[in-house]
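Q: Please take a close look at a single part of this structure and describe it in one connected account, with the cut-offs behind each term.

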Amino acid sequence: MKVLLIVSDGLGDRPIRELGGRTPLQAANTPNLDHVAKIGCCGIMDTISPGIPPGSDTAHLAIFGYDPYECYTGRGAFEALGMGINIKPGDVAFRANFATLEARESGLLVRDRRAGRRLPEGDRLAEKLNQYRLKTAKDVEFRFEHSVEHRGVLVLSGPGLSYRVSDTDPHETGEMLRESKPLDSSEEARKTAKIVNELSAAFHQILDGDPLNRERISRGDPPANGVLLRGAGILPEVTPLTERYGISCSCVAAAALYRGVAAAVGMKLYRAPGDTGSYDTDEESIAETALRILPENDLVFIHFKPTDNAGHDGDPETKVKMIEKLDNIMGKLLNGIDLENEHYVILTADHTTPCAVREHTGEPVPLEMAGPGVRPDKIAAFSEIDCQNGGLGRLRGKDIMPIMMDYLGKAKIFGS
Ligand code: ZN
Ligand code: ZN
């Protein structure tokens with residue numbers, strides 16, 4: 001017995017006037033999603049708890065069976081892991097942006113949070129940053145890794161560090177570069193904030209006078225003369241799924257965050273060729289990759305990102321199209337699995353991202369599952385509205401793993 005778990009990011013939505021008062025899921029043509037609803041069981045799910053808008057990281061931790069209130073230790077470490085950066089327990093990782101800063105009397109103004117987005121010099125600039133040696137803490141080392149476009153990761157390694165420090169990124173263009181502050185009264189948080197502020201100032205100094213930036217300016221590009229840091233995080237202390245349930249599990253995902261959460265809970269990482277995590281993603285390749293790795297796994301987790309992007313872009317029409325891509329994934333999967341004898345399929349979302357709000361909100365998400373022995377209910381279409389009347393009722397994210405492990409015969413009887 002094997003499980004395919006599909007999470008469509010930000011899939012949940014609200015009724016939308018342009019769609020005739022329907023949600024994007026109701027408006028989309030989804031014969032395969034509806035087929036699973038018809039032969040299987042549906043419900044709605046509060047990923048964290050009712051009314052709490054989940055971040056993607058905490059939501060996925062919950063869906064993988066962990067209590068994010070207990071184990072969540074920031075986003076940065078997931079990003080680093082998902083980028084393939086080797087990070088040790090205790091290392092503090094930050095998400096980083098190369099940015100364009102402008103000197104003002106009161107400090108540094110953030111002129112462009114992404115330094116124009118196009119940054120072919122990124123790797124070379126990162127190398128220059130890495131030559132700097134910390135003065136405030138000689139026992140701490142850092143490394144800066146450039147990933148794509150303006151993005152990168154900063155990792156601090158050494159004794160006595162904390163992830164409880166604030167961002168230097170003001171998250172808004174036209175604001176001043178922030179000072180990192182300790183978020184609790186510990187010596188570790190104070191030490192870490194001091195290091196972050198030293199690096200923030202040093203990075204600006206190194207980058208501002210660099211010939212690569214003079215070239216950028218002469219080309220008409222904004223200089224990448226600063227680094228914004230946000231989302232400090234350390235690896236969470238969790239028992240991986242492989243140990244907890246004795247299962248082998250893998251993930252098919254494109255974006256670093258989801259790959260990182262999956263790696264942190266013990267999944268092997270795969271990337272489908274052509275999976276961009278964006279509107280142009282090759283959805284058939286995602287399904288093919290999942291089917292290819294299914295034989296050597298008990299659980300395969302598929303992450304589908306573009307539904308969330310359309311929610312953030314406030315674009316119902318595109319969300320409908322992305323849901324139809326998701327339906328295409330389900331169609332491909334159904335052709336390659338045996339729901340009567342061998343396979344379970346579960347499809348849900350990590351949170352609701354209504355096109356009208358363009359941010360994550362706290363409404364429950366729809367959920368459907370099918371497979372050997374799953375009791376069918378009376379739901380025949382997959383949507384936020386239909387699933388409210390399903391046989392699974394209203395669940396929490398953390399209920400998903402126990403339900404799946406029960407079907408796989410991996411759950412232990414409580415009592416005797
Ligand atoms: Zn999400
Ligand atoms: Zn989102």
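**The zinc site and the helix beside it**

A: The zinc ion (ligand 1) and the zinc ion (ligand 2) are separated by 4.4 Å. This is a predicted model, in which local features need pLDDT of at least 70 and side-chain atom pairs count only at pLDDT 80 or more, while totals for chains, interfaces and linings use all residues. Residues are numbered from 1 along each chain as its sequence is written, chains are lettered from A and ligands numbered from 1 in the order in which they are written, and side-chain values use heavy atoms, with hydrogens and water left out.

Asp 9, in the loop between β1 (2–8) and α1 (24–27), and Asp 350, in the loop between β11 (343–348) and β12 (365–370), link distant parts of the chain, being 341 residues apart; helices (H or I, at least four residues) and strands (E, at least two) are DSSP runs numbered from the N terminus. Asp 9 is buried at a relative accessible area of 0%, and Asp 350, at 0% relative accessibility, is also buried, where buried means under 20% relative accessible area, exposed over 50% and partly exposed in between (1.4 Å probe, protein chains only).

After α3 comes Gly 65, with a positive phi near 100°.

The axes of α3 (residues 56–63) and α10 (residues 256–264) come within 10 Å and cross at roughly 35°; axes are lines fitted to C-alpha atoms, for helices over the stretch in contact, and angles run from 0 to 180 degrees between N-to-C directions. In this contact (heavy atoms within 4.5 Å), Ser 56, Asp 57, His 60 and Leu 61 of α3 meet Leu 257, Tyr 258 and Val 261 of α10.

Conventions
Donors = N, O, S within 2.8 Å, 3.2 Å for Na, K, Ca; no water.
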